[in-house]
Amino acid sequence: MNTKKEKDDLEKQQNRLQVKIFKIILIFFLQCFFVIAQDYQTSEKLILGDIEILGKHTINKKSILSLMGLTIGQKISPSKSEITTGVKMLWDQNLFSDIQIWEKKKEDKIIILEIYLKAFPVLSKFRFNGIKKSEEDNLREELRLNIGMSVTQNIINTSNKKIEKYFVEKGFL
């Protein structure tokens, strides 16, 4: 009876060992498969076929591509790091309050992108009411606002602080 129990225990240990070996071999082969798949994917380049520009802006497609450092026909890695870099370059221009980009179409190795741009408002004019001409000139010099510049929230906040500081120093606030 003891031998039968020992035999059963031995068979269970062998089965566990076989399952462990099978799992190890399976994991090894799966890792090899994924490495091969990744190598294939990273070596395959996409070609930028076109971009379509959407949204409110006044900049043409050629200028957008130039600002992004991209060209039609350029080879792009599947990770699209060139596009990420291009969006950062576009954002650094401080012309847009919103930039979105997505893949519109991908056929064979050609990719077409859609880019949504929302431009900051542009300063067309500004004036001061209820102050003397000399104070207005001093404020204009202090603010350094130019017609045609993008009006960001930072510009508004900075201008408000400068105006408040000006009038506090003059004793009005």
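Buried means a relative accessible area under 20%, exposed means over 50%, and partly exposed lies in between (1.4 Å probe, protein chains only). The model is predicted: local features need pLDDT of at least 70, side-chain atom pairs count only at pLDDT 80 or more, and totals for chains, interfaces and linings use all residues. Residues are numbered from 1 along each chain as its sequence is written, and side-chain values use heavy atoms, with hydrogens and water left out. A salt bridge is a side-chain nitrogen of Lys or Arg within 4 Å of a carboxyl oxygen of Asp or Glu. By this rule there are six salt bridges.

**Link between strands**

- Glutamate 52 and lysine 104 form a salt bridge, with 2.8 Å between the closest N and O atoms.
- This pair joins distant parts of the chain, 52 residues apart: glutamate 52 lies in strand 1 (residues 46-54) and lysine 104 in strand 3 (residues 96-107). Strands (E, at least two residues) and helices (H or I, at least four) are DSSP runs, numbered from the N terminus.
- Glutamate 52 is partly exposed at 28% relative accessibility, and lysine 104 is partly exposed at 44%.
- Salt bridges link Glu52, Lys104 and Glu114 in a network.

**Lysine 105 and glutamate 107**

- A salt bridge joins the side chains of lysine 105 and glutamate 107 at 3.7 Å, N to O.
- Lysine 105 is partly exposed at 43%, as is glutamate 107 at 48%.

**Pair within helix 4**

- Aspartate 137 and lysine 133 meet in a salt bridge at 3.2 Å, N to O.
- About one helical turn separates the two, because they are four residues apart in helix 4 (residues 133-143).
- Aspartate 137 is partly exposed at 34%, whereas lysine 133 is exposed at 57%.
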